[in-house]
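Hi there,

Here is the structure I promised to pass on. My notes on it follow below.

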Amino acid sequence: SYTTPRDTITGQSDNGTLLKFNTSYKFTDDLLGYFTVSEGYRIGNSNGIGFCADYVPGTGQAACALVPGQQFGPNPGDVSTRDETEYGPDKTKNYELGFKSEFADGRVTLNGAIYYIEWTDPQLSSATINASIPITVNADGAESKGIELNGNWIVSDELTVRGSYSHTEASLTAPAPGLVGTISTPGFGSVLLDGRDGDRLPGSPEDQFSFFGSYTIPNTGLDGELVANFGYAWQGDVLTRTGNLGDGITLDSFGVANASLVYDTGKWQASLFVNNLFDEYYETGVRGTPLYNQVLTDDAGGPVYQRTFYTYVGAPRVLGIRMNYTFE
């Protein structure tokens, strides 16, 4: 029979070489193109969960991590095929083609790139079979590809603007058995769903852009400099689970504007600022899924309310004054 190695100290070691190649070509004094190929590496780690005890029919194993070959249920197929106690390193191959440029005697800067990243054994979020504890596991493969643009324009001695845009697509490139942990209702029985080739990865938007402008107000008659600033950042929707499997939700796109008026004499500085100028309501993260909010029944037949699902919300509009003084 299987015996859990509770006294075994797990550890990882690795060695190798990471390569990077870069070449560039200066088409003109104001335009440079480049191409980069590189490799990346991220170490593995423990999931920080104790080993499960041997399975005993009629009893549970509680909140614990299984190891390969360990039984967790009464059926012949209730045997773990993965190590939930730890995860291994993942590696990337990165390809980037881009340009850097200046125009109008350096008053306009424009940079851009397209890239492709191939992941081997990517580290992704999952859950244990017992108790659905969040863990990290290695999938077989994933990829990221996209474009990035950013620029800066000195419109005049008083006005400067800059902006950026990016589009990223990140997805699995192979099936990932048991990747997404969820529950069966009513109750909290663990269910593991398979990730599918092409499933979008969670945690990041596909599109983002930002804009910032700074204007030095001339002829104020003041001893110092008076500068007005305005910025706006927008991002697209975000999945909370791979492929939105397991009752995952989509966090809506949102944009946040910030503004400030700064008076600077050199020695001291006063700022009037407004964060989230338009009082945008937006969600930045999530805990669990709607499945975790249930009404169960206790031994006496009364209701038992379970409410563990919620989202993290960004700060509302904030208006403030900030003062700074520089001592000699």
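Val180 stands opposite Leu193 in strand 12. Strand 11 and strand 12 (residues 189–195) run antiparallel and are joined by 6 bridges; strands here are DSSP E runs of at least two residues, numbered from the N terminus, and two of them pair if DSSP finds at least two bridges between them. Their hairpin has 4 residues between the strands, and Gly187 takes a positive phi near 100° there.

A word on the source: this is a predicted model, where local features need pLDDT of at least 70 and side-chain atom pairs count only at pLDDT 80 or more, while totals for chains, interfaces and linings use all residues. Residues are numbered from 1 along each chain as its sequence is written, and side-chain values use heavy atoms, without hydrogens and water.

Contacts of Leu201 (heavy atoms within 4.5 Å) beyond four places in sequence include Trp119, Leu124 and Thr242.

There are 5 salt bridges, each a side-chain nitrogen of Lys or Arg within 4 Å of a carboxyl oxygen of Asp or Glu. One of them joins Arg196 and Asp199, with the closest N and O atoms 3.1 Å apart. Asp199 is buried at 7% relative accessible area, whereas Arg196 is partly exposed at 43% (buried is under 20%, exposed over 50%, partly exposed in between, with a 1.4 Å probe and protein chains only).

Best wishes
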